Structures are given as C-alpha cells and as structure tokens.
Amino acid sequence: MRYNVFILILCLFTGLSAANAKGQGYAVLKGDTLRIGNNVIERTFLWNEGALKTIRLVNKISHTTIHAKGDQPDFAMVKADVDSAWLKTEWKDSDGQHAPYTLVSVWCRQGSFQSIRQFRIYDDCPAIGCDIYLCGNIETLSISENTANADRKNIESISDMTTQIKTPTIDRLRLNGNHWQTKVVEFFDYTDWNDNLVEERVFYPYRRTGYRGNLLFAKNELNGNGFFFLKEAPSSSTQLSYTGSDFICDFADFMVVSPGISANDITPSKWTRVYGCVIGLWHQTELSALTALRSYQKQLRLGASLRDEMIMLNTWGDRSQDAKINENFCLAELERAKRLGITVFQLDDGWQTGKSPNSKMPGGSFKDIWKDSLYWTPDKRKFPHGLKPIIEKARRLGIRIGLWFNPSIQNNFTDWQKDANAVISLYREYGIDCFKIDGIQIPNKQAESNLRCLFEKISEETDHKVIFNLDATAGRRGGYHMLNEYGNIFLENRYTDWGNYYPYRTLRNLWELCRYVPAEKIQIEFLNKWRNASKYHKDDIFAPANYDFDYLFAITMAAQPLAWMEAANLPEEAFETSALIKSYKSIQHDIHRGIILPIGNEPSGRSWTGFQSITNNKTGYFIVFREDNEKPNESLRTFLPEGEKVNLKLIAGNGESFVTTISENGHLRFKLPQKKQFSIYKYNIIK
C-alpha cells in the first residue's frame, strides 16, 4: 500500500487536549491518558505528569493493537521527579521542502533539567517521528554497561538476571510476550574505506543485550504485529559520545539508546538537539514493514518537485582534479553534456579563487578560509568573466549548473554564517541551486548544531530551492539517516584510474541500501569504461570495459545518475547512450515517486537482480539485470501479489513486452537473451 500526503489543518493548542479542525493528526489528553496519532497509527501513553509511558500502539490499517506494560518512562535522561509539564499541538505548513505535519510537543522539567519531545505526525503515514531537545544541567550521564555476557555469573534465580545496565534512553517499548523476531540493520558510510554498506542481524531477544544499527524491526510471531524503530543519527561507527549500542533488547523490552551527547553538551543557556527516533507500525509481511518505513522517509523531503531529479555530470571522476577546469573547458563540456542528455553540470573543486588541499597545485588548504574574503568567488584566472557565460550557455541548453562547496570546518563550523552567505550569494547572483557539500567533519555536538544552522539558513533564504549533494565518502558526517531533509547523498568515489570501479559492486551497494534508504535520495556513479582498461587484468570479466555503456547507465537509474567523468574523454560511440537517457528522463520522476525496493538476488556479477518501483497498488516499474550467468531466463521474487494477471511493457533495454500471471510469493519470470543485459518495464496489474 502506498500512502499519499494530504494537507491538514490543526489549530494551535496549548492545554489538555487538541481538537482536529480538518486534518488527521491529533493529540488528546484525557485524565492520565494521552493519545496521539492520525488515521493509520495511534500511540497511547500514560501522561505520568509528563514522563510519558507507552501503554498501547494501534495499527489502524490492520486493525491490530500492540499492548505495552507502561511501567517505565519511554524517555529517560536523569533520575528526578517531574516538577511540571505541558502539552502543545500545532500545525506546520509545508515549506516546499518538508511535508506538512502536526507537531505535538511535550515539555517536562525535572529539577534543573528540561526536555522537549516534539512528535511529528504526517497524514496517512504509519510512523511518528520524534525530535528531542534538552536544556539545563546534567551532573553525570550514565552510559551502557559493557560487561560481556560471558563474564557474568550463571543464572540461578530471578535476581541473577538483573544486569543493572543504566543508560540514557531516547525511546522505549516494554511489551508483552517472548516471541519477537527482531532484525537490526547497521549502516556504514565513509565509503572511500567501505564497500560493504549494510549489515543485518536477525535474532530473538534473550537477556539484556546491546545491538548496533539505525533500524530495528520486530514482529510478534504469535499474531504478526510488527513495529520498527528508526534512530535518526549518523551510522553507529561515527556517532558522537557513542556508548557501544543503539538498541538494548531483553525478551520484549526494546530501548533506543546513545543519544549522541555528553553531560557537558547540556547547558542552561540553550536547547541542544539529540539524536531523534521514529516509531512505525506494520503487520505480517516485509512489504508492510518497508512500506511503512518508506512512507515516513518520503515526508522528510518532498519528491513532488523536479528540482530533486538530476542526471549529473561531474568531471572529477577522470582524476584531472582542478587542472582542467576553466571557462573554455566548461563551455565545451556543456555542449557534450547536452548531447549525452545531462541535466546538471557540476563544477567540482577548482572553480573558486581559494585553493583546497585537493588541488593539483601545491599549497592549498582548508585552514582559515575566511582570511581570504574572495575564497568562494570564481577564480578570475580561470573564469575571467565570472560564471555568467557558463550559466547563460547552460540555460540555453536546458542544463542546470551545480558547484562544489567545502564548509569551513575549523572551530566547529564557527564561520557557518559566512559560509551560508557565500552560498546564498552564488544562488542570488547566478541562480545556482545545487551544491555538493564536501569535507565535513562532525567532532562534537556544537559542530553538528552549527552545521544544521548552515543548512537551515541557506534553505530559508533561498525559499528552499537549493539542494545539497551530501558527500558520504569520508569523515564523521550525517550518514544515511540524518540531515537527509536537505538533499541527496553523494555515495562513493570510484575510479578506473585506481582499478576500483566495478559495475556490479556499484549495483550491489545501491541494491543493499535501497531496502532501507530511498534510492531516489542517492547519487550513483557510472564511469567512462574506455579509460584505463590496462589497470584491470585482461581476464577480469567484471572490468568496466566488458560492459555496454548503456548497462553502466542503467545501474544508476533507480537512483540519481552521476556521470563521474569528463565528457571530453568519451569516444563518439558513448553518445549513443543518449537514446537510453532520453527514454529514462521520460519516466525518471515517475520511478522515483514510487517505493523503490530490491528484487531478485544480491548482485554478485553472476546474478539475476534488479529493482521494483511501486507507484500504487496496480502499477509500477521493474529494472531487471541479467549479470554474467548462463541462464537466459529466471524467476525473480517481486513485491506483487500472487495470482494476479500483469502486463509488462518494455520501455528500454533488451527483452520483450509480455503478459503473465504472478506466481507463488510474487515470482515473475524474466527473459534476457544475452549476458550483461538489462530491461526496464512499466507494469500494470490487469483486473
């Protein structure tokens, strides 16, 4: 099922209950019971003087209920009685970037410590997000006990089972029953060093144990009721003040921990945002779980605008770095970009007056950037007329211009306002609305806060028309689940020069991520396969030279395609791919507005694999790949209901249109006559 967003209006409210004027979101406090939700989900708490305790989760789609014990506060940072609390509900209009939502705020004072939990409730979305802000004094902040289970005494009594783990808790569910099949998913970024980006662990909780990851799915095996926690934080390996776990589980007790702060981060003079948490409901099937998750993720940045769609050309992939970039080179690249079908031409490092340490010229630095007030202006030696000739030609060709930008990292982004003003100035002078953000390091909470301020200021002052490509290749950054409301993720640097670009591994990274991260929010690269063939062994059948250029582009289509190359270095035959790109552009936005999930087998270079975009319960798209294997046809498990008749119309690639009946467990048989071929289908379930 796909959930659509409808505008709701909820009156500003301060007090005990909120009346719903038009929309679906609500918060009602009656006696000691607080209910918040919409038309598909409801979470019920004991008010408990403001220290909320969950007692029930209602899935209004499946008409099922998960009962909780309500004996411990869901959110706990300090051990102190509540002095006072209030509830406030208000309506937040869409700003063109974020979907509209109902905001339910719960403020609580415990001595000298204050907290605000802000619940975001979107219409038709079976998940509720929560942002948390802290203020005041915390003398100490307990961390998880790291004693290994093997070092604990044997269990001879109930008291022996108590491990006395004390940890700050972002959210918590203490449920009934002992049969919760659980999956935790950990993610890895800094992709210059990682090529295995997703790790899953499936288990039944037994005794109190910590687990790493941003996502936890749990299903009661007795009745199929399921929920998920999404921790809105960087990847586990790069979180601040990390305690070693993101979740602590004990039979039916599920805690979200490691808020990303130390006691010193909390002061009486300001509100500090900690890592957030989302809770969602699903029932029985994996599709129900993934649809609920994706329904929430799609609210964070609206995909209705073509602003976010791009087929980008960035010349850094051919390793010239900043040596070639100048006015004449860019004007010539624009001509070639037009021939290929590119929609955004991005000038990477080297367009600016300041020299970065990545420059071909020695002496570059990111230190004390703002000692040079001209650092983020076009280099007059390379661009004697500024960027105006580039911008004007790009507009005539129907291409947008993007730029590379590296925020000044020193002193925890203390110069964020200057950085923001530089980007805003480039937007106002040239209309540039796409910036690759590189070089980020988030060493502490102050840096994280300043970085958010940078993005917010730029977004607000450009009427949310600027999109950021957030580089995930190195450093401590936002990962896959934080800061993603500001744009998409520049996933990885891969180069034929170093022999580390393998098409099937790029496909594998996207295939694994897109189960849990929206594919349309990720930039995926394709390279010039004719360069550096000698860097690969002559018998390596997976070398890029052994694939059609169309196939390399097809790998990127579920995501945002990135031509990681200089178009000047392409042979004439490469521009024949423009026909495929033209076909793709006609369906790109439609594919991306759907829920994109992986189908078939994990890409290995030998698999049958692909993607399914579910645009509604009747229609969608398939992108299918036959890798290097001996099977001219294969039955792939999809997310379609068995027994239905389906029409598949070939849009591009190889293969033929066909009509068939969906087999058991959603299997469909696809045919491709040759190895290393692909097909794009639009499907329609026939009544």
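Reader: Which helix and which strand each supply at least two residues of the lining of the second largest cavity?

Author: Bear in mind that this is a predicted model. The second largest cavity has about 100 Å³ of volume, and its lining includes Leu-451 and Phe-455 as well as Leu-470 and Asp-471. Leu-451 and Phe-455 fall in the 445-461 stretch and Leu-470 and Asp-471 in the 467-471 stretch. The elements with at least two lining residues each are helix H6 (445-461) and strand E24 (467-471).

Reader: How many cavities of 30 Å³ or more does the structure hold, and how much space lies in the largest?

Author: The structure has 5 cavities at or above that 30 Å³ cut-off. For the largest cavity, the space comes to about 130 Å³.

Reader: Which element gives the largest share of the lining of the largest cavity?

Author: Two elements supply at least two residues each, strand E16 (225-232) and helix H1 (286-300). Among the lining residues, Leu-230 and Glu-232 sit in the E16 range, while Tyr-296, Gln-297 and Leu-300 sit in the H1 range. With 3 residues, the largest share comes from H1.

Reader: What about residue classes in the largest cavity, how do they divide?

Author: Val-517 and Pro-518 are among the lining residues, alongside Arg-301, Lys-521, His-481 and Asn-484. Sorted by class, the lining of the largest cavity has 6 nonpolar, 3 polar and 3 charged residues.

Reader: Moving on to pockets, which element gives the most to the lining of the second largest pocket?

Author: The second largest pocket holds about 970 Å³ of space. It is lined by 40 residues, and Tyr-133, Arg-273, Arg-452, Glu-456 and Tyr-486 lie nearest its centre. Strands E8 (101-110), E9 (113-121), E10 (127-136) and E19 (272-283) give two or more residues to that lining, as do H1 and H6. The top contributor, with 8 residues, is H6.

Reader: Are H2 and H3 roughly parallel or roughly antiparallel?

Author: The axes of H2 (residues 327-340) and H3 (residues 388-397) come within 10 Å and cross at roughly 10°. Angles under 35 degrees count as roughly parallel. So H2 and H3 are roughly parallel.

Reader: What classes of residue make the contact of H2 with H3?

Author: On the H2 side the contact includes Cys-330, Leu-331 and Leu-334, and on the H3 side Ile-390, Ala-394 and Leu-397. Glu-327, Glu-335 and Lys-338 of H2 and Lys-393 of H3 also take part. By class, that contact has no polar residues, 4 charged and 7 nonpolar.

Reader: What is the mean pLDDT of the chain, and where is the pLDDT below 50?

Author: The chain averages a pLDDT of 92, with 93% of its residues at 70 or more. Values fall below 50 over residues 1-21, a stretch with 66 contacts in the model beyond near neighbours in sequence. The pLDDT is also below 50 over residues 148-165.

How values were computed: Residues are numbered from 1 along each chain as its sequence is written. This is a predicted model: local features need pLDDT of at least 70, side-chain atom pairs count only at pLDDT 80 or more; totals for chains, interfaces and linings use all residues. Side-chain values use heavy atoms; hydrogens and water are left out. On a 1 Å grid over the protein atoms alone, a cavity is a set of points where a 1.4 Å probe fits but cannot get out, and a pocket is an open set with protein on both sides within 12 Å along at least five of seven lines; lining residues have an atom within 4 Å of a point. Grid points are joined across faces, edges and corners, and a volume is the space filled by probe spheres set on the points. Helices (H or I, at least four residues) and strands (E, at least two) are DSSP runs, numbered from the N terminus. Ala, Val, Leu, Ile, Met, Phe, Trp, Tyr, Cys and Pro count as nonpolar, Asp, Glu, Lys and Arg as charged, and the others, Gly among them, as polar. pLDDT is the predictor's confidence in each residue, from 0 to 100. Contact means heavy atoms within 4.5 Å. Axes are lines fitted to C-alpha atoms, for helices over the stretch in contact, and angles run from 0 to 180 degrees between N-to-C directions. Angles under 35 degrees count as roughly parallel, over 145 as roughly antiparallel, 65 to 115 as roughly perpendicular and the rest as oblique.
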